[in-house]
Amino acid sequence: MATSFPSSFDDCVARDRDDPLAERRRHFALPEGVLYLDGHSLGPATYKALARLEQTTKDEWAQGLIRSWNDAGWIDLAKYTGGRIARLIGAGPDEVLVCDSVSTNLFKLAAAARDLSASPTLIIEEDEFPTDQYIAEGLAQLAKCDLLRVRPGEGLQRLAETGGILIRSAVNYRTAAVADIEEAEKVADLSGGVIVWDLSHATGVLALDMSIARLAAGCTYKYLNGGPGAPAFLYVRQDVANRITSPLPGWMGHKNPFDFASHYEPADGVARFANGTPPILSLSALAAALDAFEGITPAELEAKARALGDFCLSLAEKIGLQSSSPAIGARRGGHVTLHHENGYAIIQALIARGIIGDFRAPDAMRFGFSPLYTGFADVWRAMESLGEVLKAGEWDSPAFRARAKVT
């Protein structure tokens, strides 16, 4: 069946009017006159997150002081927030913990996976997100085990051959291609290997069932809108949690941290992967930001994100741009990647118009479609402006070509 797309801006407005998720936009403190299509890198602030930050700083910290660890529930905030994220990835509430960064969590899980895998060999594909590759490289050097850097798409084959440990993204950060988690886990089971999933570009925009997987980590500042530098989360399935131990045994991961014992005894379950004191300010903002997802199923989130991505691809084709993202009708993450040799300057020209996407070297322009605050009219406006920038050569300016530190 052919996909039906809006044929005009007015059609887009009508489609948005009938969208049951459209009212979620009111949760977000988006600047007036800005069309934000970069939630795959940094989600915008929600009003509740901003209010919670003010409450946490002015009341709980300034007035409650250290009493707030008990009185305001700070001590349980990482577990509570992890439980709320669990619903979005198809996990149990006691299987997810918010802590540390994605890089640190990938390291902890990949090192701990040695207790489950047939071989200590680490496997990473060459198109993985750079931090995933660096973590694999550093862990291999530290543990003095083999590291297999393999071509894109070859990771599962090498996992089947070695029974090692594969670090793999559920959604490719460049193309938004989605991995088949179920099939990959079958390969892991048959080989005796283990997969550590990176859910950074998947959480909050895909319908996931991580109950079929054992280990995963992900960030919270993209589609979950937790704020810049918000702590990451990790997932450990309950049936394996007590069989593995963290290579970074920290105070907060102790079974009885306030006994102040000299020797480490791991807490039960995923809690053993906690390290030091949790970042309460960031955690508070994240916990409040998750309110925007209440009452919505992950399937609804994915359906809308895919529809917006399909619409973007259809419009991009009309202005002659190529994409490396999965085609119309195929499953993909929440962003679409278009290509142009002058992509960086083009993105800067769009930003000057108030349309924010991002760029990844060498030529990738990424546009993210969060289902909570993006609509069809936004996609129409963005692609219309992109066509105008290309046709007029508006991007061809020294100001737009000058590279900033963050692209």
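A residue counts as buried when its relative accessible area is under 20%. In this predicted model, Trp 74 has a relative accessibility of 7%, so Trp 74 is buried.

There are 10 aromatic pairs here. Trp 74 belongs to one of them: its partner is Trp 69, with the two ring centres 5.4 Å apart and 85° between the planes, an edge-to-face arrangement. Another edge-to-face pair joins Phe 258 and Phe 260, where the centres are 5.9 Å apart; the planes stand at 90°, and an angle over 60 degrees counts as edge-to-face. Is Phe 260 buried or exposed? With 58% relative accessibility, Phe 260 is exposed, because the cut-off for that class is over 50%.

## A ring cluster and two arginines

Now follow the ring pairs to a cluster made up of Phe 5, Phe 311, Phe 376 and Trp 380. Phe 376 also has a charged neighbour: Arg 15 lies over the face of this ring, 4.9 Å from its centre.

## A nonpolar patch on the surface

Which residues form a nonpolar patch on the surface? They are Trp 61, Leu 65, Ile 66 and Leu 281, and together they have about 440 Å² of accessible area.

Take a look at Ile 66 in particular. You will find Ile 66 in the loop between helix 2 (47–61) and helix 3 (68–71). Its relative accessible area is 68%, which is over 50%, so Ile 66 counts as exposed.

Notes
Residues are numbered from 1 along each chain as its sequence is written. This is a predicted model: local features need pLDDT of at least 70, side-chain atom pairs count only at pLDDT 80 or more; totals for chains, interfaces and linings use all residues. Side-chain values use heavy atoms; hydrogens and water are left out. Rings of Phe, Tyr and Trp (its six-membered ring) pair if their centres lie within 6.5 Å; planes under 30 degrees apart count as stacked, over 60 as edge-to-face and the rest as tilted. Buried means under 20% relative accessible area, exposed over 50%, partly exposed in between (1.4 Å probe, protein chains only). A charge sits over a ring if NZ of Lys or CZ of Arg is within 6 Å of the ring centre and within 35 degrees of the ring normal. Patches are made of residues with over 30% relative accessible area and no salt bridge: like charges are joined within 9 Å, nonpolar side chains (Val, Leu, Ile, Met, Phe, Trp, Tyr) within 5 Å. Accessible areas come from the Shrake-Rupley method with a 1.4 Å probe; for residues, only the protein chains shown count as cover. A salt bridge is a side-chain nitrogen of Lys or Arg within 4 Å of a carboxyl oxygen of Asp or Glu. Helices (H or I, at least four residues) and strands (E, at least two) are DSSP runs, numbered from the N terminus.
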